[in-house]
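User: I would like to go through the charged side-chain contacts in a model, and then some of its helices. Could we begin with the terms?

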Amino acid sequence: MELIVILKNMKEMGLKMNSKNLVLGYIKLSIVILIWGGVYHVAKFLTNGTDPFTLSFTRFFIASVILLILHHNCNGINGFKKTKNDWIVLFLIGFFGICLFNLFFFAAESLISANIVSIIYSLTPCITVYLGSIFLKQKIGVGGNIGVLVALIGAIGVISLSDGDCGKIFCSSLFRHISLGQTFSILASFCMAIYSILNKRASHMGISSLTITTFSSFFGMILLLIPFLIWGDAKSLLAKSWEFWLAMGYTSILSTVIAYKWYSDAIQEIGMGQTVVCQNGIPFATIIIGALFYNQGVSWGVFISGAVIVLGVIITNFSVNRYS
């Protein structure tokens, strides 16, 4: 009888802990969406007169130094002892999610508007979910498919309504001609999708979110050093204004050290599928931030489209066949 009571209490404590982790995961993820929504405007400022190679390397050099110090303080020298498979996964995360993603991201920001880059990024959850079903053998389920589709429709509505040449719920002309900047944005979305899948794989291998963020950033920084030395402009950094370094601090500390860490936490705490579909809210967050801080107009239609995105996220999260 006492054993039954003990087991019941343990089960209740486990449910409470899971519920607490779930709430904490969504709080972190919401803050990440806001931070990443703002980084599109900040990156637009950074690309004004600075090449993508210099920006990418500088961002992750700063982030890597901070993360390595934090990782050492938390785990000591033993935290650097990993298996061969661990290092391979961490290197691949750094290659796709840090190196390639940032090169494509800053290249896109230098060619097209911040809003369009963030909006194209809304393809990422769809790409991630379906790549995950192939490589991680995860079931999407009817509810998951519907949720992703609804969120994508909301993102398309945000795109169309926020474009000055469209102003309607849907304009096919926005997607008819793919420019070089849009191509870079699509490639960045694929890289982030691969990052999420590999992140989940690393989580299954028992690698902590801090370790994932730290060493993927470090490997990404090392890889970015090569194009930086060939095509970058180190001398230009010496003449940058304090506004530039403030913006760089935002991208390297807030949107990298904190946001990447919390994004990895969310994948572990609430599941990959539920996490990535929330990225559909980034275009909405980008446009709202643009309206609040850059005097960019926002219509009621954009707000309604944002509500549709949230609806899609809710449907996905309450889907019976969760793919976490």
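Analyst: A salt bridge here is a side-chain nitrogen of Lys or Arg within 4 Å of a carboxyl oxygen of Asp or Glu. This is a predicted model, in which local features need pLDDT of at least 70 and side-chain atom pairs count only at pLDDT 80 or more, while totals for chains, interfaces and linings use all residues. Residues are numbered from 1 along each chain as its sequence is written, and side-chain values use heavy atoms, with hydrogens and water left out.

User: How many salt bridges does the count come to?

Analyst: The count is three salt bridges. Lys28, Lys261, Asp265 and Glu269 are linked by them in a network.

User: Which residue forms a salt bridge with Lys28 at 3.0 Å?

Analyst: That is Asp265, with 3.0 Å between the closest N and O atoms. Asp265 is in helix α11 (residues 242-270) and Lys28 in helix α1 (residues 2-46), so this pair links distant parts of the chain, 237 residues apart. Helices are DSSP runs of H or I with at least four residues, numbered from the N terminus.

User: Is Asp265 buried or exposed?

Analyst: Asp265 is buried, at a relative accessible area of 5%; buried means under 20%, exposed over 50% and partly exposed in between, using a 1.4 Å probe and protein chains only. Lys28 is also counted as buried, at 13%.

User: And where does Glu269 come in?

Analyst: Glu269 meets Lys28 in a salt bridge, at 3.7 Å from N to O. Lys28 belongs to helix α1 and Glu269 to helix α11, so the two tie together parts 241 residues apart in sequence. Glu269 is partly exposed, with a relative accessible area of 26%.

User: What about Lys261?

Analyst: Lys261 forms a salt bridge with Asp265, the closest N and O atoms lying 2.9 Å apart. Both residues are in helix α11, four residues apart, which is about one turn of the helix.

User: Changing topic: at what angle do α3 and α9 cross?

Analyst: The axes of helix α3 (residues 84-109) and helix α9 (residues 209-231) cross at roughly 60° and come within 7 Å. Axes are lines fitted to C-alpha atoms, for helices over the stretch in contact, with angles from 0 to 180 degrees between N-to-C directions.

User: Which residues meet there?

Analyst: Among those in α3 are Trp87, Phe91 and Phe95, and α9 contributes residues including Phe215, Phe219 and Met221. Contact means heavy atoms within 4.5 Å.
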